[in-house]
Amino acid sequence: MLSAFSFANGIIKVAASKGNNMLSVERYFYADGVVGGTIILSLVFLFLAIEEAREILFYIRNNWNFDIDSNIGGKIYKGDSTGDRDLVTNRSRVLYGRPFLIVVFLAFLIIHIAVLFSK
């Protein structure tokens with residue numbers, strides 16, 4: 001968390017050193033990669049949200065029968081192993097795993113957007 005704070009503090013110092021005579025659009029070119037990071041986080045967040053919506057619709061149409069595999073998206077494993085015995089169940093993946101990933105990426109996206117608009 002300390003590195004994120006020092007990164008944001010560095011961005012604010014760079015923007016302040018550029019002077020107040022910059023146009024509002026020019027400030028975003030001096031964002032040190034925050035714009036690119038925001039775009040990437042937005043795309044990953046949208047991808048995960050669309051996958052989750054597709055899976056939920058699939059299981060709604062199949063009466064929440066998690067014994068059927070939807071074959072949507074990637075697989076999630078328990079721990080470091082990628083063996084079939086360590087594969088997370090469909091129910092855990094749909095109801096817990098991917099929503100957790102969505103919340104994490106959304107939190108980072110909100111932080112990036114806050115840094116961008118703090119200029």
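Residues are numbered from 1 along each chain as its sequence is written. Because the model is predicted, local features need pLDDT of at least 70, side-chain atom pairs count only at pLDDT 80 or more, and totals for chains, interfaces and linings use all residues, while side-chain values use heavy atoms, with hydrogens and water left out.

The protein has three helices and zero strands, and along the sequence the pattern reads α-α-α. Helices (H or I, at least four residues) and strands (E, at least two) are DSSP runs, numbered from the N terminus. Confidence is given by pLDDT, the predictor's confidence in each residue, from 0 to 100. The average pLDDT of the protein is 77, and 71% of the residues score at least 70.

Accessible areas come from the Shrake-Rupley method with a 1.4 Å probe; for residues, only the protein chains shown count as cover. The protein exposes about 8,400 Å², of which carbon and sulfur atoms supply 66%. A residue is called buried under 20% relative accessible area, exposed over 50%, and partly exposed in between (1.4 Å probe, protein chains only). Of the 119 residues, 24% count as buried. Contacts are defined by heavy atoms within 4.5 Å. Among contacts between residues at least 6 apart in sequence, 54% join residues at least 24 apart.

Helix α2 has 28 residues and reaches 40 Å from its first C-alpha to its last, close to the expected 40 Å. The expected span of a helix is 1.5 Å times one less than its number of residues. The buried residues of α2 are V34, G37, T38, L41, F45, L48, E51, E52, E55 and Y59. An α-helix has 3.6 residues a turn, so residues three or four places apart point the same way.

T38 lies in helix α2 and counts as buried because its relative accessibility is 8%. Leaving aside residues up to four places away in sequence, T38 touches L109, H112, I113 and L116. The C-alpha atoms of L116 and T38 are separated by 8.7 Å, although the two residues are 78 residues apart along the chain.

A salt bridge is a side-chain nitrogen of Lys or Arg within 4 Å of a carboxyl oxygen of Asp or Glu. By this rule the count comes to six. One of them joins E55 and R98, with the closest N and O atoms 2.3 Å apart. This pair links distant parts of the chain, with E55 in helix α2 and R98 in helix α3, 43 residues apart. E55 is buried, with a relative accessible area of 0%, and R98 counts as buried at 3%. Another salt bridge joins R93 and D69, whose closest N and O atoms are 3.8 Å apart. R93 lies in helix α3 and D69 in the loop between α2 and α3, so this pair ties together parts that are 24 residues apart in sequence. R93 is buried at 6% relative accessible area, whereas D69 is partly exposed at 40%. E51, E52, E55, D69, R93 and R98 are linked in a network of salt bridges. D86 forms a salt bridge with R85, with the closest N and O atoms 4.0 Å apart. D86 is buried, with a relative accessible area of 15%, but R85 counts as exposed at 74%.

Most residues other than glycine have a negative phi. Just after α2, N63 takes a positive phi of about 55 degrees. N63 is found in the loop between α2 and α3 and is exposed, with a relative accessible area of 69%. W64 also has a positive phi of about 55 degrees although it is not a glycine. W64 is found in the loop between α2 and α3 and counts as partly exposed at 42% relative accessibility.

W64 also belongs to a nonpolar surface patch of about 510 Å², made by L57, I60, W64, L95 and Y96. Patches are made of residues with over 30% relative accessible area and no salt bridge; like charges are joined within 9 Å, and nonpolar side chains (Val, Leu, Ile, Met, Phe, Trp, Tyr) within 5 Å. Helices α2 (34–61) and α3 (90–117) each supply at least two residues of the nonpolar patch. L95 is found in helix α3 and is partly exposed, with a relative accessible area of 33%.
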